[in-house]
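Here's a quick walk through one model, taking in a sheet, a helix and the packing inside. Have the structure open as you read.

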Amino acid sequence: MKSQQVALSGADVKNSLHPYTNLSLHERVGPMVITRGEGVYVYDDTGKRYLEALGGLFCASLGFSESRLADAADRQMRTLPFYHAFGHKANEPAVRLAEKLIALSPTPMSKVFFANSGSEANDTAVKLIWYYNNAIGRPKKKKIISRARAYHGVTVASASLTGLANNHRDFDLPILNILHTDCPHHYRYALPGESEEAFATRCAHSLERLIESEGPDTVAAFFAEPVMASGGVIVPPATYFEKVQHVLRKHDVMLVADEVITGFGRTGNLFGAQTYGMQPDMISLAKQLSAGYLPISALLISDKIYRALTVQSEKIGTFSHGFTYSGHPVAAAVALETLRIYEDDGIVEHVRKVMPRFQQRLAEMGEHPLVGEARGVGLLGAVELVADKSTKMPFPTEQAVAARVGEFAKQRGVITRALGDTVNFCPPLIITESQIDEMFDKVELAMDDTMSWLASLA
């Protein structure tokens with residue numbers, strides 16, 4: 001067995017290019033090979049069990065062993081394993097899934113476009129925004145505003161929307177017509193003594209100044225995650241979206257809600273838009289749409305946008321956008337079964353039942369000497385590490401203290417993810433209160449381990 005593990009690790013290092021990985025370090029340390037999953041746990045090739053505190057990558061909402069999803073994939077594989085949606089073609093799972101998503105949408109939507117990832121859904125939204133404004137005779141209204149520390153994907157357009165420096169650095173990004181406004185993180189960017197409401201007002205005024213300086217006739221859309229998950233689980237300050245949407249309506253700027261992580265119960269409502277009173281013109285979905293079991297994403301668009309697309313496609317002769325796997329029947333069948341499980345098992349109700357315990361334990365972590373802020377909503381949270389609580393001074397980047405917490409947590413049997421100075425939590429939605437306690441107990445020990453490590457450096 002040991003020789004097989006070594007051989008597999010060596011083959012990975014030799015042949016695989018890993019995303020979001022220090023490639024040089026990977027050559028030295030090799031991969032952690034996950035072999036199977038059971039509920040909220042996964043197992044590596046040594047048989048060690050880990051509680052998956054990030055749901056894989058913010059996506060494994062139903063854990064790692066939901067037989068109904070495996071059965072749905074098997075049935076569809078044996079019936080129709082593939083067909084496309086080009087040129088008036090359709091398959092029943094994709095039709096039923098689109099119908100269901102329109103019915104569930106938190107605001108009225110007209111049509112669903114399927115893709116394979118959140119990045120592709122957001123990339124499609126950018127193209128449709130440009131196409132729409134051409135169609136209605138506004139060729140100058142093309143600029144799109146995102147936010148610092150936002151995460152919207154890694155395609156050329158969606159990575160440009162992403163407001164994280166490493167997603168732009170040496171990739172020659174962002175592209176033209178992509179702008180960024182303030183990150184609405186009260187802990188980091190509020191003025192001394194500034195309330196959440198006052199900070200939200202200042203963010204909205206800053207957005208309006210940007211729109212006015214660029215020219216409202218050139219600004220087409222604003223992209224926003226209800227909660228900025230990959231940027232550090234940044235929860236919007238009170239009244240933020242109310243005030244931002246007032247600015248957007250005033251200047252006829254569309255709102256795109258990126259629900260790739262917050263969709264399907266994560267915040268305690270079916271959609272994050274419901275939690276924060278958003279009324280978007282488009283909604284992008286992925287990840288928990290299929291519980292992470294197969295790649296699929298969706299972009300929901302309003303009727304106003306669809307009507308313009310229809311007129312323009314008639315003028316041109318076709319709507320020339322799409323992917324080979326748009327509405328893939330197997331992925332759609334799994335996504336449809338995922339939505340049925342959410343309803344049958346009362347997943348949103350379960351989240352509401354256990355999220356007080358999650359948020360309580362998260363808040364308690366805020367008392368740890370290494371933690372400057374503990375923040376979250378529903379079953380989504382993060383702790384931000386600081387070298388000095390009183391000044392909020394971060395640790396030196398080269399110490400990678402949050403990553404060190406992640407390593408110690410892994411040793412204790414919990415997989416999480418460090419992003420910058422934060423340690424993130426996004427467990428499967430099926431997690432129980434006792435498993436929540438197990439997760440935080442072990443991460444607290446990992447924090448203590450990290451304190452000891454820091455003391456050894458002094």
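Two strands count as paired here if DSSP finds at least two bridges between them. This is a predicted model, and in it β2 and β3 pair in the antiparallel sense over three bridges. V42 has Y50 in β3 as its bridge partner.

| Strand | Residues |
|---|---|
| β2 | 41-44 |
| β3 | 49-52 |

Now for α14. This helix covers residues 347-365 and reaches 26 Å from its first C-alpha to its last, close to the 27 Å expected. There is a kink of about 40 degrees at V354, shortly before the proline P356. V354 is also buried, and so are I347 and F358, among others in α14. The cover over the buried residues of α14 includes α13, β11, β12, β15 and α16.

What about the inside? The largest nonpolar core has 100 residues, and L101, F114 and F264 are among those with the most contacts inside it. The largest share of this core, nine residues, comes from α13. A second, separate core has 21 residues, including I129 and L299. Back to L101: leaving aside neighbours within four places in sequence, its contacts include F114, F264 and L339.

Note on methods: Residues are numbered from 1 along each chain as its sequence is written. This is a predicted model: local features need pLDDT of at least 70, side-chain atom pairs count only at pLDDT 80 or more; totals for chains, interfaces and linings use all residues. Side-chain values use heavy atoms; hydrogens and water are left out. Helices (H or I, at least four residues) and strands (E, at least two) are DSSP runs, numbered from the N terminus. The expected span of a helix is 1.5 Å times one less than its number of residues. The bend at a residue is the angle between axes fitted to the seven residues ending there and the seven starting there. Buried means under 20% relative accessible area, exposed over 50%, partly exposed in between (1.4 Å probe, protein chains only). Contact means heavy atoms within 4.5 Å. A nonpolar core is a set of buried Ala, Val, Leu, Ile, Met, Phe, Trp, Tyr and Cys residues joined through side-chain atoms within 4.5 Å.
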